[in-house]
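Colleague: I would like to go through a few of the labels used for this model. Please set each one against its cut-off.

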Amino acid sequence: MADLSEIIHILPSMKSGDDLLSSMEVLPEYDESIRSNEAPVRLMALSDLYSIYVPSNMSLEIYSKMYLALLRSLQKKGTKLAVQQKNQNHKAVIQQEYSGIMGGSDSFTIIGASGIGKSSAISRAITLITENRVIEVENPYTKIIPCICVQCPFDSSVKGLLLEILRKVDEMIESKYYQNALRARTTTDMLIGSVSQVALNHIGLLVVDEIQNVCNSKNGKSLVGMLTQLINNSGISICMVGTPESAVFFEQAVQLARRSLGLRYDVMEYGTDFVRFCEIVFSYQYVKQRTEITDGIMEWLYEHTSGNISVVVSLIHDAQEIAILNGKEVLNLESLNEAYQKRLSMLHGFIHIEQKKQTSKTKRKASVVNVKISAEEKSSGELSSSEFTITDLVATAKDENKDVVQLLKEHMPVVEVAI
C-alpha cells in the first residue's frame, strides 16, 4: 500500500507506439487442424472471431485521452482542496448547501458511429491502464477504483444513474453505499451529495456509455447537469460515450458544448487499417477448404459494410456458419453474399442510405449552374449550351423522345462507365 500523495506513481507507465499497439491487440489462438474436426466443434470455435481486437489510430487516441484524464483526477486526491470539498459534500447531504470547490472541466466525449469499436477500445484501454485492480492506499486508508463504467439509463433518470454508480462501487470494493441509499430512501438532491463524496473518495475516472439516450428524453439536460455538478463537487474526470446524434444534443447550448469537447470518429475508410483488419479476420477460417482473401473480396466487404468493422466480423462469421451448415465448406464471395442477403437484411437500408446520400450530393454538384430557360427554348426543344438544367434536359428528352445521354453530351462532358 502507498501514501495518497504518491498514488499517481502506482499506475502502470504510459505506453506508446508499437509497444501500445501490441499490448492492445487481441488475437485468439488458432490451429489450422481445427478445419478437419466435426462441424459442432468448428461452429463453437467460430465464435472466437468476436474476440479479435485489432487496434487502430482511434484505439491509441482513446488510450492516451483516458490515461491523462485518470492521471489528472488522481492528482487531486489527498490535496487540501479535496479535504475542503469533503466537508462541503457532507453539508450538501445534511444541510442541502451545495458548493463546488474542486471545480474543473474534466469531462470529455468519445462520439462515433455504432459498431466502429468504441466500447472495445475503451475496454482495452482500461485493462492496460488499471490492470484490472483496485488501488489500496495506506495513509489515510482507502480503496480507489481507477475506472468505473456505467450505462446511461434509457429514460435518462438522474436518480437511476446515481444509484447505478453506487452499486458499481459496492461491487468493486465490497461497500454498502447502494444498500444504505435504498434503505434511507434518499432523495435525488441528497444522492448527488452522497455520490460526490463517494466519487471523491473512491473513483478515478467515470465512463458513461450510451449517452445518446439523453437526446430523446425530457430528463436529458437534467442528467448532463447532474454530471457537471458531480465533476465540480468531486474533481473526478467523466468520459461520455455515444453515437453522432448525441453531438447534436450537446451543440444546442454553450454550457453543454464546453462539457463535451473530445474525440469524434466515423466508420473506417478503405485503406491500410481496413485491409489489415480484413486480412486478420479472414485468416480465422473454420471451413474445410481454405481460401485466401483477394482485393476483390476486400472491396466487396467494404461496399457491403460501409467500413463498419463490427459488420465485417458478423459477415465473415455468418458466411462460414452457413457454409458449414449447408455443406459447401468454403469461404468465398458466394458464401459472403448469401450471408449478406439472409443474415444482414436489417442493415441493407442503412447501407443504401449512405449510397443515396453520396449520389444526391454528386447530382447537386453537377447541376450548380442552374439558369432560367426562356419559354421559346422550351417550346422549340433547343437549349442554350450555357443555360440549362438537368430537369429541363430530362423533360425535353421525354417530349422529343430523345436519348437523355445524347442531350447531356451536347451541353457537358459525359463519361459512360460500364457496370
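Modeller: Buried means under 20% relative accessible area, exposed over 50%, and partly exposed in between, with a 1.4 Å probe and protein chains only. This is a predicted model, where local features need pLDDT of at least 70, side-chain atom pairs count only at pLDDT 80 or more, and totals for chains, interfaces and linings use all residues. Residues are numbered from 1 along each chain as its sequence is written, and side-chain values use heavy atoms, with hydrogens and water left out.

Colleague: Why is tyrosine 270 called partly exposed?

Modeller: Its relative accessible area is 37%, and the label covers values between 20% and 50%. Phenylalanine 274 has 0% and is therefore buried.

Colleague: What makes tyrosine 270 and phenylalanine 274 a tilted pair?

Modeller: Rings of Phe, Tyr and Trp (its six-membered ring) pair if their centres lie within 6.5 Å; planes under 30 degrees apart are stacked, over 60 edge-to-face, the rest tilted. Here the centres are 5.8 Å apart and the planes 50° apart, so the pair is tilted.

Colleague: Why is the pair of tyrosine 270 and tyrosine 302 called edge-to-face?

Modeller: The centres are 5.4 Å apart, with 75° between the planes, so the angle is over the limit of 60 degrees. Tyrosine 302 is partly exposed, at 23%.

Colleague: Why is helix 6 called oblique to helix 9?

Modeller: Helix 6 (residues 158-173) and helix 9 (residues 220-234) pack at about 40°. Angles under 35 degrees count as roughly parallel, over 145 as roughly antiparallel, 65 to 115 as roughly perpendicular, and the rest as oblique. Helix 6 is therefore oblique to helix 9. Helices (H or I, at least four residues) are DSSP runs, numbered from the N terminus; axes are lines fitted to C-alpha atoms over the stretch in contact, and angles run from 0 to 180 degrees between N-to-C directions.

Technical notes:
Helix = DSSP H or I, 4+ residues; strand = E, 2+ residues; numbered from the N terminus.
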